[in-house]
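Good morning, and thank you for making time for this presentation. Please keep the sequence and the structure in view while I speak.

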Amino acid sequence: MAEMNNPLYKHYDGKFEKQEQPYPGVQNEMRPVPDCGEESYTASGQLTDRKALVTGGDSGIGRAAAIAYAKEGADVAISYLPDEESDAQEVKAVIEKAGRKAVLLPGDLRDEEFARNLVHEAAEQLGGLDILVLNAAIQQFEKDIKKLSTNQLTDTFTVNIFSNVWMLQEALDHLPEGGSVIVTTSVQAFNPSGLLSDYAMTKSAQVAFVIAMTGQLAEKGIRINAVSPGPVWTVLQVAGGQPQENIPEFGQNEPLKRAGQPVELASTYVLLASDSASFTTGQVYGITGGMPINQ
Ligand code: NAD
Ligand code: MG
């Protein structure tokens, strides 16, 4: 019989210790370390010989997607900030253990030239590009709108939105018919928090971008979808994403009463990238622990 678990208890459901890191943070210093499927994800050959680029693939949700892609048979390039090298090296080791090629492309997506070149560099080193996962993001809480700085506003919009546009523009030089684009948005797009106003606006804009692009990409035989996570235990949340007082019970207000682990999103990123999802485009997949999403 296939494994069957009560979702309430399948992963850690206790209180988290308070813990703070400077942006962007490294997940190998988190307690507990998030489960990105290093051991727990099992594959079934759904992406053999595909070429994928995952931004922010060093940690969290992007790492879970990158690891699942490699285990499903894809060669994978990941981008990340230079400060995250230790997380990226762990991902490279898991990809290589799965017998696939890992390409590490550190750099800052606030830099337009880097963002645009990243796509071509990934395609060159992988020998093509079939799957583009636009997942990197900045989330820095600010409780007082009077204190929201223009620097933060600009950084958040640049990484979370502008870089998505720049990279999709460049990727259209490479993505073949059957190619797939996946954008990581958030429940914040639909149910924004007052302390995440800039971030929430970018997550809504990503949904609009995905839906707006669906027709243009469909004409080229390319699908585009979004994944909308709820609270997931990642370093984003402890590196300025939430006030420390929210960390102990992070995720416990959802119907499933716990934070998700990145591996619990992996199979959706695989499905959306694979040929099984051939009639699925322009959609938003909520993986939230029960919080509704609506468009
Ligand atoms: P994470 O910190 O593990 O991943 C985010 C990644 O973004 C970082 O690893 C980093 O490499 C990249 N990044 C940030 N700033 C960058 C910059 N200036 N240049 C280049 N790369 C940069 O956290 P995560 O939670 O896995 O986040 C992945 C995605 O999931 C994000 O789009 C986030 O908005 C979304 N999301 C997360 C949650 C959650 O609860 N963790 C909920 C909803 C949506
Ligand atoms: Mg990281």
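Predicted model: local features only at pLDDT ≥ 70, side-chain atom pairs only at ≥ 80, totals over all residues.

M167 touches L53, T55, L109, A115, L118, V119, L132 and L134, leaving aside residues up to four places away in sequence; contact here means heavy atoms within 4.5 Å. Residues are numbered from 1 along each chain as its sequence is written, chains are lettered from A and ligands numbered from 1 in the order in which they are written, and side-chain values use heavy atoms, with hydrogens and water left out.

M167 belongs to the largest nonpolar core, which has 36 residues; L53, L109, L129, M167 and V181 touch the most other members. By nonpolar core I mean a set of buried Ala, Val, Leu, Ile, Met, Phe, Trp, Tyr and Cys residues joined through side-chain atoms within 4.5 Å. Buried is under 20% relative accessible area, exposed is over 50%, and partly exposed lies in between, with a 1.4 Å probe and protein chains only. Two or more residues of this core come from each of β3 (102-106), α3 (112-126), β4 (131-134), α4 (150-171), β5 (180-184), α5 (197-219) and β6 (223-229). Helix α3 gives the largest share, 7 residues. A second, separate core holds 34 residues, among them C36, L47, A66 and I131. In soluble globular proteins, nonpolar side chains tend to be buried together.

Let me turn to the chain as a whole. It has 7 helices and 7 strands; these are DSSP runs numbered from the N terminus, helices being H or I of at least four residues and strands E of at least two. Along the sequence the pattern reads β-α-β-α-β-α-β-α-β-α-β-α-α-β. A compact globule of 295 residues would have a radius of gyration near 19 Å, and the chain, at 18 Å, agrees with that. That radius is taken over C-alpha atoms, and the globule rule is 2.2 Å times the number of residues to the power 0.38. Of the 295 residues, 55% count as buried. Among contacts with a separation of 6 or more, 78% come from residues 24 or more positions apart.

Next, the metal site. Which residues coordinate the magnesium ion (ligand 2)? They are D58 (OD), S59 (OG) and E84 (OE), at 2.1 to 2.3 Å. Donors are N, O and S atoms within 2.8 Å of the metal (3.2 Å for Na, K and Ca), and because water is not among the atoms, sites may look incomplete. The spacing of these donors along the chain is D-S-x24-E. D58 sits in the loop between β1 (51-55) and α1 (60-71), and E84 in the loop between β2 (75-80) and α2 (85-97), so the pair ties together parts that are 26 residues apart in sequence. Both D58 and E84 are buried.

V270, in helix α7 (residues 263-273), is 212 residues from D58 in sequence and 17 Å from D58 in space, C-alpha to C-alpha. Is V270 buried or exposed? V270 counts as buried, at 1% relative accessibility. Its contacts, again leaving aside residues up to four places away in sequence, are Y41, Q46, L47, A68, Y69 and E72.

I come now to the aromatic residues. The whole structure contains 4 aromatic pairs. Rings of Phe, Tyr and Trp (its six-membered ring) pair if their centres lie within 6.5 Å; planes under 30 degrees apart count as stacked, over 60 as edge-to-face and the rest as tilted. F16 and W233 form a stacked pair, with 3.7 Å centre to centre and 5° between the planes. F16 lies in the segment before β1 and W233 in the loop between β6 and α6 (235-241), so this pair links parts of the chain 217 residues apart. F16 and W233 are buried. Ring pairs join Y12, F16, W233 and F250 into a cluster.

Finally, some backbone details. The peptide bond from Y23 to P24 is cis, with omega near 0°, as is the bond from R31 to P32, with omega near -10°. D49 has a positive phi of about 65° although it is not a glycine, and D49 is partly exposed, with a relative accessible area of 48%. K257 likewise has a positive phi, of about 60°; K257 lies in the loop between α6 and α7 and is exposed, at 52%.
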